[in-house]
Amino acid sequence: MRVPVSWFMSRRAGATLFDIGLATPFSSILQLVLCLGCMLYLRKKKWVYDTV
């Protein structure tokens with residue numbers, strides 16, 4: 001995740017090294033959101049199969 005976010009941040013107009021450096025915390029937050037979303041999806045999917 002860090003490489004695509006860094007690339008995206010560097011493509012912005014007037015990007016500075018500070019902006020590119022913010023890619024690390026942003027990518028960590030994005031990874032956390034994706035993992036939580038996947039966990040919730042799999043829990044819900046398991047719950048559906050358990051009730052059938």
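The protein chain exposes about 4600 Å² of surface. Carbon and sulfur atoms supply 72% of that area. Such accessible areas come from the Shrake-Rupley method with a 1.4 Å probe, and for residues only the protein chains shown count as cover. Of the 52 residues in the protein chain, 10% count as buried. Buried means under 20% relative accessible area, exposed means over 50%, and partly exposed lies in between (1.4 Å probe, protein chains only).

This is a predicted model, in which local features need pLDDT of at least 70 and side-chain atom pairs count only at pLDDT 80 or more, while totals for chains, interfaces and linings use all residues. Residues are numbered from 1 along each chain as its sequence is written, and side-chain values use heavy atoms, with hydrogens and water left out. The pLDDT is the predictor's confidence in each residue, from 0 to 100. The protein chain averages 81. Of its residues, 83% score at least 70. Where pLDDT is low, the predicted coordinates should not be read in detail.

Now the fold. The protein chain has 3 helices and 0 strands. From the N terminus on, its elements run α-α-α. Helices (H or I, at least four residues) and strands (E, at least two) are DSSP runs, numbered from the N terminus. Helix H1 covers residues 2-10 and has the lowest mean pLDDT among the elements, 77. H2 has the highest, 84.

Helix H2 spans residues 17-21 and holds Ile-20. Ile-20 counts as partly exposed because its relative accessibility is 30%. Leaving out residues up to four places away in sequence, Ile-20 touches Ser-6, Met-9 and Ser-10. Contact here means heavy atoms within 4.5 Å. The C-alpha atoms of Ile-20 and Phe-8 are separated by 8.6 Å, and the two residues are 12 apart along the chain.

Asp-19 also lies in helix H2. Its relative accessibility is 15%, so Asp-19 counts as buried. With residues up to four places away in sequence again left out, Asp-19 touches Met-9, Arg-12 and Gly-14.

Next comes helix H3, residues 23-51, where Leu-36 sits. Leu-36 is partly exposed, because its relative accessibility is 42%. Together with Leu-32, Met-39 and Leu-40, Leu-36 forms a nonpolar patch on the surface. The four share about 380 Å² of accessible area. Patches are made of residues with over 30% relative accessible area and no salt bridge; like charges are joined within 9 Å, nonpolar side chains (Val, Leu, Ile, Met, Phe, Trp, Tyr) within 5 Å. A salt bridge is a side-chain nitrogen of Lys or Arg within 4 Å of a carboxyl oxygen of Asp or Glu.

Last, the cysteines. A disulfide is a covalent bond between the sulfur atoms of two cysteines. The cut-off used here is a pair of cysteine sulfur atoms within 2.5 Å. A search of the whole structure finds 0 disulfides. Cys-35 counts as exposed because its relative accessibility is 53%. Cys-38 has 42%, so Cys-38 counts as partly exposed.
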